[in-house]
Amino acid sequence: MEWKFTDDAPIYQQIMNIMKQQIASGALPPGQKLSSVREMALEAGVTPNTLQKAMAALEREGLLYSQRTAGRFVAGQEEIREGLKKELMMEYVEEFLDKMKKLGISVEEVIALLQENEEK
């Protein structure tokens with residue numbers, strides 16, 4: 001997993017966003033066992049407490065689950081995964097359209113540009 005962090009949001013939220021993208025895209029499929037918190041924290045270059053905070057929040061959202069002696073796994077409920085995918089898609093579209101508006105580009109111009117780009 002690629003861990004790139006910025007200064008615009010707390011690290012644990014960025015970890016959550018990266019994990020959500022991986023789950024929504026299927027890169028982390030349902031039932032996959034995750035590495036330990038300590039291993040993932042080392043890989044990401046963060047403290048175990050920061051990573052644990054993100055994992056606990058993902059569990060509360062129903063995206064991960066823990067088995068006492070076996071570890072932490074990706075949840076397999078398709079409706080949750082599809083909801084997550086739609087939530088991320090809307091977030092990205094809103095962010096993109098906001099940036100286009102700041103450039104003075106209309107929605108119609110964006111659609112034309114997307115269609116032009118698709119044809120290439």
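**View 1. The crossing of α1 and α4 is left-handed.** A crossing is called left-handed if the near helix is turned anticlockwise from the far one by less than a right angle, and right-handed if clockwise. The model is predicted: local features require pLDDT of at least 70 and side-chain atom pairs pLDDT 80 or more, whereas totals for chains, interfaces and linings use all residues. Residues are numbered from 1 along each chain as its sequence is written, and side-chain values use heavy atoms, without hydrogens and water. The axes (lines fitted to C-alpha atoms, for helices over the stretch in contact) of α1 and α4 lie 9 Å apart at an angle of about 120°. Contacts (heavy atoms within 4.5 Å) join K20, Q21, I23 and A24 of α1 to R81, L84, K85, E87, L88 and Y92 of α4.

**View 2. α1 and α3 form a right-handed crossing.** Their axes come within 8 Å and cross at roughly 50°, which means that α1 is oblique to α3. From α1, I11, Y12, I15, M16, M19 and K20 meet T50, L51, K53, A54, M55, A57 and L58 of α3.

**View 3. The largest nonpolar core holds 24 residues.** Such a core comprises buried (under 20% relative accessible area, 1.4 Å probe, protein chains only) Ala, Val, Leu, Ile, Met, Phe, Trp, Tyr and Cys residues joined through side-chain atoms within 4.5 Å. I15, M19, L34, L51 and M55 touch the most other members. α1 supplies the largest share, 6 residues.

**View 4. Surroundings of L34.** Neighbours within four places in sequence aside, L34 contacts M19, L28, M40, M55, L64, R72 and V74.

Key: Buried < 20%, exposed > 50% of the residue type's maximum accessible area, 1.4 Å probe, protein only. Helix = DSSP H or I, 4+ residues; strand = E, 2+ residues; numbered from the N terminus. Axes fitted to C-alpha atoms, helices over the stretch in contact; angles between N-to-C directions. Parallel < 35°, antiparallel > 145°, perpendicular 65-115°, else oblique.
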